[in-house]
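I opened a new notebook page for this model. The entries below follow the order in which I looked things up.

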Amino acid sequence: MRISVLGVHYTLEYRKKAKDTNLAHCDGYCDFSTKTIVVKDYTAAERKEPMSMADLEAYKRKCMRHEITHAFLYESGLSINSLNLDGSWATNEEMVDWVAIQGPKLYAAWTAAKCL
Ligand SMILES: [Zn+2]
């Protein structure tokens, strides 16, 4: 699938860990150089692992929103230009995850308020 991120085309993919070694260390990533976003897809065996989340499809969607948020911050220039000695707010994982988790609720509230 392809989407526009502030006018830049990004390719979105779900991949199994066996097909992408980057996924051995994370659940997803945004490669700004190739404009590619990859989120881990889970095998049947991984879904049965102890402590595995019951709703991995919802988790995968949250991870995709997280990586898309990184892409928006990068393409806007904020991820590069917000840097300071303590780190950049625009690359802060907590802030990016807040947008990814709360985004659907913000969108629903804006839609209900007819302010979009
Ligand atoms: Zn992140």
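What share of the contacts with a separation of 6 or more comes from residues 24 or more positions apart? I found 51% in this predicted model.

**Overall layout.** I counted four helices and four strands. Read from the N terminus, the order is β-β-β-β-α-α-α-α. The C-alpha atoms fill a box of roughly 40 × 35 × 30 Å along the principal axes. Of the 116 residues, 31% are buried.

**Helix α2.** I looked up its limits and length next. Helix α2 covers residues 56-75, which is 20 residues. From first to last C-alpha it reaches 28 Å, close to the 28 Å expected at 1.5 Å a residue. After α2 comes G77, and I noted its positive phi, near 90°.

**Zinc site.** I then listed the donors of the zinc ion. They are NE2 of H66, NE2 of H70 and two OE entries from E93, at 2.0 to 2.5 Å. Along the chain their spacing reads H-x3-H-x22-E. H66 sits in helix α2 and E93 in helix α4 (residues 93-112), so this pair ties together parts 27 residues apart in sequence.

Why is the arrangement around the zinc ion irregular? The four donor atoms subtend angles of 56 to 132°, whereas a tetrahedral site needs all angles between 85 and 135 degrees.

I also checked accessibility at the site. H66 counts as buried, at 7% relative accessibility. E93, at 45%, counts as partly exposed.

**Cysteines.** I searched the whole structure for disulfides and found zero. For C63, the closest cysteine sulfur is that of C26, 9.2 Å away, which is too far for a bond; the cut-off is 2.5 Å. C63 counts as buried, with 6% relative accessibility.

**D20.** Where is D20 found? I placed D20 in the loop between β2 (8-16) and β3 (28-31). Is D20 buried or exposed? At 6% relative accessibility D20 counts as buried. Its side chain makes a polar contact with the side chain of R15, at 2.6 Å. Leaving aside residues up to four places away in sequence, I listed R15, Y29 and V38 as the residues D20 touches.

Technical notes: Residues are numbered from 1 along each chain as its sequence is written. This is a predicted model: local features need pLDDT of at least 70, side-chain atom pairs count only at pLDDT 80 or more; totals for chains, interfaces and linings use all residues. Side-chain values use heavy atoms; hydrogens and water are left out. Helices (H or I, at least four residues) and strands (E, at least two) are DSSP runs, numbered from the N terminus. The expected span of a helix is 1.5 Å times one less than its number of residues. Donors are N, O and S atoms within 2.8 Å of the metal (3.2 Å for Na, K and Ca); water is not among the atoms, so sites may look incomplete. Four donors count as tetrahedral if all angles lie between 85 and 135 degrees; four count as square planar and six as octahedral if opposite donors are over 155 degrees apart and all others between 65 and 115; anything else is irregular. Buried means under 20% relative accessible area, exposed over 50%, partly exposed in between (1.4 Å probe, protein chains only). A polar contact is a pair of N or O atoms within 3.5 Å; within protein, one must be able to donate a hydrogen and the other to accept it, and residues adjacent in sequence count only if both atoms are side-chain atoms. Contact means heavy atoms within 4.5 Å.
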